[in-house]
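Okay, thanks everyone, let's get started.

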Amino acid sequence: MRITRLLIRDFRRLHEVDVLPAGGINLLVGPNGAGKTSVLEAVHLMAYGRSFRGRVRDGLIRSGAPAVEVFVEWEQGDRTRRAGLRHGGDRWEGRLDGAPVAQLGDLCAALAVVSFEPGSHALVAGGGEPRRRFLDWGLFHVEHEFLPAWRRYARALRQRNALLKAQRGDAELDGWEQEMATAGETMTRLRADYVDTLQASLAEVVPGIAPALGAASVEFLPGWKRAELSLRDALLLARDRDRLSGHTTVGPHRADWRVAVAAAPQGEALSRGQAKLVALACLLAQAQDLARQHGHWPVVVLDDLASELDAGHRERVLTMLGSTGAQVFVTGTDLQPLASVLDAGATVFHVEHGVVRTAGPASAAMGRPVDPPEML
Ligand SMILES: Nc1ncnc2c1ncn2[C@@H]1O[C@H](COP(=O)(O)OP(=O)(O)OP(=O)(O)O)[C@@H](O)[C@H]1O
């Protein structure tokens, strides 16, 4: 996947940015507060429907503007695809390849982006939610059975929770529990298989980017004692407790996974830097698996790489990504820490006061008068 045009309007301090990125590595360089991360956030928004720094309504829309707009054109195999998203905080409108989109999830499933940013270490060090989201995002993209099962499960779970809160009887719970069990067992089988795939992919990625971490292993926690009982029985057993708590305490919505590396055996705590490396390795393992399944790499965005990783790891990561041919966006305040990449022929953009300009002939079209397509 290669983004060939990125148009952003009213996104944080970016009023209107029109970028023609190159294949390979794109460096966005500029002072603090210039708007570099916002460019990456816009790409992430199109792929996830939210920013990695929170929801749209939490400050993403440029002060005084009614909505953000992002338009992305990209090459996918021999196809050119286009997606436009206008998000006003509560309301959104989207178009994909010229047609309106009914569900935000359908729009987001089109463009695959893997993002590493300062909050990514939560994948290793934080609560279960980001890890579940990571797992499910990967599955949405590689396993067509997953999304329908996930939707069925989520709906049945909402119904069961409502019945629990209303202290309704067993007969009413039975039907929804059966539905949760059917959809939840499917989801869990797919998640367990996906974790195995991820482990195999990690075994290839870690030696390349962070050999000192040693062998990585991933453990899947399904959300109930799956080795001992079915989900149907687990829900039945938990009924009385769930009535007291007013919500469902077991099931795939409580699933989690853990990654351990040989460098920190027996639960030794990872340093913050090591946790970031492990998180990055997981993201790149996911990207690599996606590339195997789809035949092309997702777009990779790396925010503020120089302050996240030391020089040796930066170089390994960028060398590895350079060898895959993936399109990569990297931000930094200085070119110097990324000099080794420049030698390898990266494309540089300067970002200042919310304006993005090309720094070299590779994308001479940058900075030309904007002629935006009708996004929506
Ligand atoms: N809703 C908004 N409206 C206008 N400006 C905003 C809005 N939200 C954030 N900003 C401004 O956008 C800038 C943040 O941009 P961004 O985080 O993309 O910068 P950056 O170049 O990545 O900075 P750093 O190098 O410090 O990480 C800040 O100057 C901030 O004041």
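I'll go from the domains to the ligand site, and then to one pair of strands.

So, first thing to keep in mind: this is a predicted model. As for contacts across the boundary, 6 residues of domain 1 touch 5 residues of domain 2. On the domain 1 side of that, we have 4 nonpolar residues, 1 polar and 1 charged.

Okay, the ligand. There are 18 residues around the ligand, and the ones that come nearest are Asn-32, Gly-33, Lys-36, Thr-37 and Ser-38. By class, that shell is made of 10 polar, 5 charged and 3 nonpolar residues. Which helix gives the most to it? That's helix 1, residues 36–48, with 3 residues.

The UniProt entry, which is unreviewed, has a "binding site" annotation covering Gly-30, Pro-31, Asn-32, Gly-33, Ala-34, Gly-35, Lys-36 and Thr-37.

Let me pick two residues out of that annotation. Pro-31 is in the loop between strand 3, residues 25–29, and helix 1. Ala-34 lies in the loop between strand 3 and helix 1 as well. Now, buried or exposed, what is Ala-34? It counts as buried, because it has 22 C-beta neighbours inside 10 Å, and the cut-off for buried is 20 or more. Pro-31 has 13 such neighbours, so it counts as partly exposed.

And what do they touch, leaving aside neighbours within four places in sequence? For Pro-31, that's Thr-333 and Glu-352. For Ala-34, it's Val-351, Glu-352 and His-353.

Last stop, the strands. Strand 9, residues 216–221, pairs with strand 10 in the antiparallel sense, over 6 bridges. Within that pairing, Glu-219 stands opposite Arg-258 of strand 10.

Strand 10 itself runs over residues 256–261 and has two faces. The covered one holds Trp-257, Val-259 and Val-261. On the uncovered one you'll find Asp-256, Arg-258 and Ala-260. If you're wondering why the numbers skip like that, side chains in a regular strand alternate between the two faces of the sheet.

Note on methods. Residues are numbered from 1 along each chain as its sequence is written. This is a predicted model: local features need pLDDT of at least 70, side-chain atom pairs count only at pLDDT 80 or more; totals for chains, interfaces and linings use all residues. Two residues are in contact if their C-beta atoms, placed from the backbone, lie within 7 Å. Ala, Val, Leu, Ile, Met, Phe, Trp, Tyr, Cys and Pro count as nonpolar, Asp, Glu, Lys and Arg as charged, and the others, Gly among them, as polar. A residue is near a molecule or strand if its C-beta atom, placed from the backbone, lies within 6 Å of it. Helices (H or I, at least four residues) and strands (E, at least two) are DSSP runs, numbered from the N terminus. UniProt positions are given in the numbering used here, feature names are shortened, and annotations may be inferred rather than shown by experiment. A residue is buried if 20 or more other C-beta atoms lie within 10 Å of its own, exposed if 12 or fewer, and partly exposed in between; C-beta atoms are placed from the backbone. Two strands pair if DSSP finds at least two bridges between them.
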